[in-house]
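I opened a notebook on this structure.

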Amino acid sequence: MKKPLLVLFLSSLLFPVFGQFPFGGASQGPAIKGKIKGILTDSVTGIPVGFATIVLRKAGATADLDGVLSEENGSYSFDNVKTGKYDIWVSFLGYNDKIIKNVETTLKDPDLDMGKLSLSPSTIVLDAVEVKEERALVENKIDRLVFNAENDASIAGGDATDVLRKVPLLSVDLNGNVSLRGSQNVRILINGKPSGMFSNNVADALKMFPADQIKKVEVITSPSAKFDAEGSGGIINIITSKQNIEGLAGSVNASVGIRQNSLFTSLNAGRGRLGLSSSAAVFYSNPAKGDVFFQRIQTLEDKTTTFDQNGSQTTSRLGGNGNLSLFYDFNGYHAINSSFNFRGFGFDMDGSINGNIDDQINGFMDVYTRNNQGDNFNGGFDWNTDYTMKFENQKDRELSFAFQYTKDNNDQDMSVQEDHSFLTAINRDARIINDGDNHEYTMQVDYTHPLKKGAKLEMGGKTVLRRILSDYENRIKDVNGNFQTLPEFTNIFDYDQDVSAAYTSFNFILAKKWNFITGARYEHTAIDGAFLVGDAKAFNNSYDNLLPNFAVSRNLSNFRTIKLSYNERIQRPSLIFINPFNNNTDFLNRTIGNPDLNPELTQQVDLSYNTNFKGFAIFSSVYYKNTRDIIDQILKVENGISINTFQNIGQNQSVGMNLFTTKTIKKLTLRAGGNVFTYNANGVVNGQLLSRETYEYNLFFNGDFSFSGTVKADFFGFFRSPRRTLQGDNPAFSIYGMGIRKEFKNSSLGLTLIEPHTPDKIFESNITGADFTQSSKFTLPFRSIGINFRYKFGNVDFKERKTKIKNNDLKSGEGDGQQGGGAGNTRG
């Protein structure tokens with residue numbers, strides 16, 4: 001505890017000292033904001049040039065500050081422009097690039113009308129193509145890719161997984177588990193903030209997040225040292241509504257369908273330096289019944305034991321979340337921002353199983369039935385408060401302090417009735433309970449110091465204190481009808497994890513063409529764990545990591561960019577991986593966590609290139625990843641019982657390639673892409689040295705068609721290959737859908753169809769061990785039809801506000817609401 005607080009204290013002392021050194025930079029206070037506007041015309045015909053790309057840069061710089069597309073009448077406008085000197089770059093196919101240098105806005109004249117700017121046609125012969133909205137759809141920056149998800153008719157009424165399936169580089173499987181370039185070790189932020197909703201089961205949390213709340217998604221493949229080093233696959237930042245408003249406005253968004261239903265409301269108010277925004281959402285998934293099949297064959301000394309199970313399971317989901325945010329600007333140099341987010345999510349299950357055991361090894365046969373009901377609840381809140389101080393004598397110099405308190409509950413309550421014809425000793429009428437509580441305290445300080453020639457130095461410190469408690473109990477009804485506690489399946493697990501960090505990051509430009517980000521982050525982790533009941537020995541561990549990062553990009557002509565990056569990341573296991581709770585709802589097929597897991601360590605090199613070719617915007621990259629101490633779910637069979645647990649299995653070296661392209665032809669926009677990468681892993685599983693060389697891939701396409709200015713249709717498709725492990729394959733996944741939306745003055749009405757020709761889908765998985773093979777499959781109702789209605793009222797001016805805290809430092813779970821994630825479906 002002393003070491004994390006010491007790091008944070010020393011970091012906070014550095015910043016006032018730094019402020020006394022003459023690093024240089026502009027000496028001016030905050031400037032008033034204005035706008036720059038104009039009209040583009042053809043120099044020969046005088047006709048307005050629509051859908052051209054206009055980019056705003058600092059005078060003499062190569063980094064883009066803002067970019068817009070000209071309207072159909074040739075007009076364009078940059079809003080909220082600080083006073084200063086700028087260069088304006090104009091580009092459009094069929095015309096020569098145009099650069100207007102040293103455009104200046106002043107305190108006296110903050111609004112600048114450029115009038116008409118004429119573009120001279122080039123000698124290039126073009127096909128009949130209009131290129132538009134490419135920049136609005138996907139923005140590629142030095143450390144991230146931004147996907148703008150607004151106004152997509154095909155995701156209305158869905159959840160966050162429906163949006164993420166459309167994002168380049170991402171892949172989402174059936175259960176809602178998200179992968180970035182094949183790795184599920186990603187950290188998900190909401191508006192730049194960590195959330196306790198993702199501390200345990202990411203897949204379930206995303207399913208309670210309505211798609212209509214999402215404005216855009218940022219995929220950060222090369223996080224700088226300012227970000228937590230956690231998330232070896234990268235970071236996903238989901239942006240919802242903006243804050244810092246002027247006026248009063250709100251919205252209501254309702255969706256009804258045969259699979260999913262949602263209601264989202266928002267109310268925003270602000271005047272002058274004080275503002276308040278609020279939102280609330282409720283999400284309900286109609287009960288869905290699916291069939292399950294399971295078989296395991298174990299062979300010992302030429303004798304086999306066969307387990308067969310089949311049955312059905314009905315699931316339903318009900319969730320909600322809300323947000324209340326308040327900001328106040330004391331003056332132009334001091335501001336405070338506070339927000340409170342709360343959520344609750346229920347996941348209910350009701351299933352029945354018929355099974356039989358043909359045990360040639362021990363010489364018996366058994367027939368059994370099992371009925372189970374599950375009531376799962378995840379809920380909690382996040383409270384964030386940030387204080388930001390700017391400096392009167394130096395632009396862009398900033399010091400901020402942030403605090404966050406997160407509380408999250410993960411409660412499971414399952415009832416099981418099981419009857420066997422032969423193994424009557426394991427007949428039971430049981431209650432299996434696991435109550436998990438997670439308290440997280442975060443303190444953070446960040447300092448930004450501008451240097452000469454557009455360079456910037458960032459440094460900071462952070463402490464995260466986690467207090468996790470898992471109280472689990474197994475009760476079984478005795479012959480008198482009273483429930484008795486089973487001590488071997490009952491305990492209280494107390495787990496503390498403290499992470500302290502300090503970082504420095506340096507951004508600079510060379511020769512006006514090369515953009516660099518380089519830095520390093522030091523993190524110290526201290527772990528303590530204990531079982532509060534019984535004689536089990538307490539344990540503790542600590543480790544230190546110094547994790548460098550580097551990224552360089554070169555802006556070429558015609559908005560082409562080439563980037564090279566290197567970073568090292570760490571992935572600590574979260575509660576779902578370490579929780580020793582023995583989930584024996586299926587007594588012969590159990591799931592249990594492993595508190596002895598070590599963190600994963602990943603090194604990644606990424607080379608990307610973006611260009612335009614004959615109207616196609618192309619984003620491409622190749623990468624290499626080396627991951628040590630991979631955490632993966634493994635299966636072992638002991639005394640006829642399957643045990644699903646987690647283990648550091650070894651090393652994986654992966655080479656991959658991403659490709660995304662888009663093209664607009666008049667009113668039709670088409671997009672397609674994919675990701676292919678190798679799985680080249682080796683390690684020890686159940687005492688056996690295993691290795692496997694194979695590959696995985698995911699492909700997607702989507703597009704939209706504008707029938708008119710108020711009627712738009714969208715369509716999409718996605719396919720993901722089976723996810724590989726050293727022991728086998730988890731299910732493949734595919735989906736396609738379409739939607740259409742009609743816009744009115746203050747409202748809209750939409751229709752969404754998901755796989756209208758597919759009432760049900762089958763998902764299969766296979767696992768192989770030294771002496772067993774296991775296969776499972778399950779079916780789910782899939783066809784979905786829904787309608788969506790949106791209504792907006794009032795009028796406000798939005799400006800984005802984000803907390804400084806980003807806790808990206810835990811490997812979170814997968815799956816369907818049960819410990820062990822997808823195994824609840826794919827393994828019996």
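I looked up R466 and found its side chain in a salt bridge with that of E440, 2.7 Å from N to O. I count a salt bridge when a side-chain nitrogen of Lys or Arg lies within 4 Å of a carboxyl oxygen of Asp or Glu. R466 lies in strand 23 (residues 456–477) and E440 in strand 22, so the pair ties together parts that are 26 residues apart in sequence. Strands here are DSSP runs (E, at least two residues) and helices are runs of H or I (at least four), numbered from the N terminus.

I note that this is a predicted model, where local features need pLDDT of at least 70, side-chain atom pairs count only at pLDDT 80 or more, and totals for chains, interfaces and linings use all residues. Residues are numbered from 1 along each chain as its sequence is written, and side-chain values use heavy atoms, with hydrogens and water left out.

Buried or exposed? I checked R466 and E440. Both are buried. Buried means under 20% relative accessible area, exposed over 50%, and partly exposed in between (1.4 Å probe, protein chains only).

Next I took E523 and R521. They form a salt bridge with closest N and O atoms 2.8 Å apart. Both E523 and R521 are buried. I also found a network: R370, E418, R428 and D586 are joined by salt bridges that share partners.

How many salt bridges does the whole structure hold? My search gave 19. One of them links R431 and D413, with the closest N and O atoms 2.8 Å apart. R431 sits in strand 22 (residues 428–450) and D413 in strand 21 (residues 394–420), so this pair ties together parts 18 residues apart in sequence. R431 is partly exposed at 24% relative accessible area. D413 is partly exposed too, at 27%.

Then I turned to the nonpolar cores. A core is a set of buried Ala, Val, Leu, Ile, Met, Phe, Trp, Tyr and Cys residues joined through side-chain atoms within 4.5 Å. The largest has 21 residues, and L164, L170, V217 and I236 touch the most other members. Among the elements that each supply at least two of its residues are helix 3 (160–164) and strand 14 (234–239). A second, separate core of 20 residues includes L56 and M114.

Last, I looked at an open sheet. Its three strands run in the order 29-33-32, with mixed pairing. Two strands pair if DSSP finds at least two bridges between them. Strand 29 and strand 33 (residues 641–648) pair in the parallel sense over three bridges. N589 has S642 of strand 33 as its bridge partner.
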